[in-house]
Amino acid sequence: MSQPPVSPTPETPVKVSFYEKRKKIQAKGVRGYFDNWRIALVLFTQILFYGGLWLEWNGRQALLLHMVERKFYIFGMVFWPQDVIYLAALLIVSAYALFLVTAIAGRLFCGYACPQTVYTQIFMWIENWVEGDRNARLKLDKAPMDARKLRLRITKHGLWLLFSLITGFTLVGYFTPVKELTESFMTWNLGPWETFWIFFYGGFTYLMAGFMREQVCKHMCPYARFQSVMFDPDTLIITYDPERGETRGARKKGVDAKAAGLGDCVDCGQCVVVCPTGIDIRNGLQYECIGCAACIDVCDQVMDKVGLPRGLVRYSTENAMAKHMTRKDIFSHIIRPRILLYTAILALITGLSAWFLVHRIPLKVDIIRDRSSLAREADDGRIENVFTLQIMNTEEQAHRYKVTVDGLPEIEIDGANEVEVPAATLQSFMTVVRTAPEAGKKGANQIHFEIVAQEDKDIRVREKASFMLP
């Protein structure tokens, strides 16, 4: 005879799980105005990513962050490790652009251009093509494993893996010349680092977009956590209109919904079914919302079917909902102090970065003293120091540079004072500098080297050094 269940008492503690068990989300596809924008941006970003790899410039790859040579080729510009300031400027500009967009219209980047969203969308397209729509996928999940289910699963995961490896290969192709990488791949001669990063990035794409999906947005992405700092009551967000929608309920034919005390929300649940993170937008703004607007598209379609106006779920602001603002009023509140501040800072940093980039001198020089002999007496009685000039030509054309020196009386370069440096190359130039013993004080005396391109006198660099007198 079975024993009755024991009710919890202080002596019999109840076991409670600290972590919520994940419920797999099978989001329903929806077509509409915002979905068309999302498709367009997915295609645009992926054409840039996969197509940019094969662009050529001056006989080389147009976009190449060459790790072996430690050079970044970006169309007609060549950047060296010493140009890290431009990378810092790019990151700052990107950050402020993200802040500005978020302050204006919430998580637009998350919903339309974030790599996690983009690749999840692509994986969902593959999943929908192989296994069918949401209802078909739910049935397949519940069905026992048979030949058909096994075939569909293998096909889906095979396509996911193939796409992920192509993505990993493409990423590595931006750091290793893609033609060399392709040739190595075709001959099964990939290096260990290329192999590692192709499978590492491809594996992460497969894992994040295929399995984790909304978990990345909800638990791993820091942007979801600090986005509220950039929001204010005039930020455009996806909102549900409770005054219009409540009380929710299904419509029955021949019954006046208003007389029955029902709002416009028919409680169909479609806004939850299409949400890639599985939230109910009718519960208000939530950090899990990525701003994809799928709920707006599906709600507008439901409103069309029941003969009610669109916009029950729409882009709006907290102030607009509270004060019943018109669309014109909403847009008039976009220009506000926070937006002006972000815009001013972004314009200032972008303008300064662009100015410095345009006026960037394509020549860098490092001067290294010969440490084995600080100063020595030459045959003619003068004192000489030996220097090595590391001349870096950052242009994609060869230059002949003339080297001169000044700073002490009668100081001069002994021997050749011109050097030919090929395009985008670092070349060492050893030079001997001489002057009279009485030309300066004992010890270190400041001098200057001037390096001038003979083809273009505007390309010149002046660097200081120390001349030692015994």
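Of the 470 residues in this protein, 42% count as buried, where buried means under 20% relative accessible area, exposed over 50% and partly exposed in between (1.4 Å probe, protein chains only). You are looking at a predicted model, in which local features need pLDDT of at least 70, side-chain atom pairs count only at pLDDT 80 or more, and totals for chains, interfaces and linings use all residues. Residues are numbered from 1 along each chain as its sequence is written, and side-chain values use heavy atoms, with hydrogens and water left out.

**The whole chain**

Start zoomed out. The C-alpha atoms fill a box of roughly 115 × 60 × 60 Å along the principal axes. The radius of gyration is 33 Å, whereas a compact globule of 470 residues would come near 23 Å; the value is taken over C-alpha atoms, and the globule rule is 2.2 Å times the number of residues to the power 0.38. Colour by secondary structure and you will find 16 helices and 16 strands. These are DSSP runs numbered from the N terminus, with helices being H or I of at least four residues and strands E of at least two.

**Helix α1**

Now select residues 33–51, which form helix α1. Its 19 residues should span 27 Å at 1.5 Å a residue, and the end C-alpha atoms are 27 Å apart, which agrees; the expected span is 1.5 Å times one less than the number of residues. Show the side chains of Phe34, Asp35, Arg38, Val42, Gln46, Phe49 and Tyr50, the buried residues of α1. They cover an arc of only 120° around the axis, so they lie on the same side of α1; the arc is that of the directions from the helix axis to the C-beta atoms. On the other side, Tyr33, Ile47 and Leu48 are exposed. The buried residues of α1 pack against α3 (108–112), α4 (115–131), α6 (147–173), α13 (294–306) and β7 (313–316).

Stay in α1 and centre on Arg38, which is buried because its relative accessibility is 5%. Its side chain makes a polar contact with that of Asp35 (3.0 Å). A polar contact is a pair of N or O atoms within 3.5 Å; within protein, one must be able to donate a hydrogen and the other to accept it, and residues adjacent in sequence count only if both atoms are side-chain atoms. Leaving aside neighbours within four places in sequence, Arg38 is in contact (heavy atoms within 4.5 Å) with Gly111, Tyr112, Gln121, Cys292 and Ala294.

**Asp264**

Next, go to the loop between α11 (242–245) and α12 (270–273), where Asp264 sits. Its relative accessible area is 6%, so Asp264 is buried. What does its side chain make a polar contact with? The partner is the side chain of Arg244, at 2.6 Å.

**The nonpolar cores**

Select Leu389, Tyr401, Ile447, Phe449 and Phe467, which touch the most other members of the largest nonpolar core, a set of 25 residues. Such a core joins buried Ala, Val, Leu, Ile, Met, Phe, Trp, Tyr and Cys residues through side-chain atoms within 4.5 Å. Among the strands that each supply at least two residues of this core are β10 (383–393), β11 (399–406) and β15 (443–453). A second, separate core of 22 residues includes Leu53, Leu140, Val172 and Tyr206.

**Arg400**

Finish in strand β11 with Arg400, which counts as partly exposed because its relative accessibility is 32%. Its side chain makes a polar contact with the side chain of Glu420 (3.4 Å). Gln454 is 54 residues from Arg400 in sequence, yet their C-alpha atoms are 5.8 Å apart.
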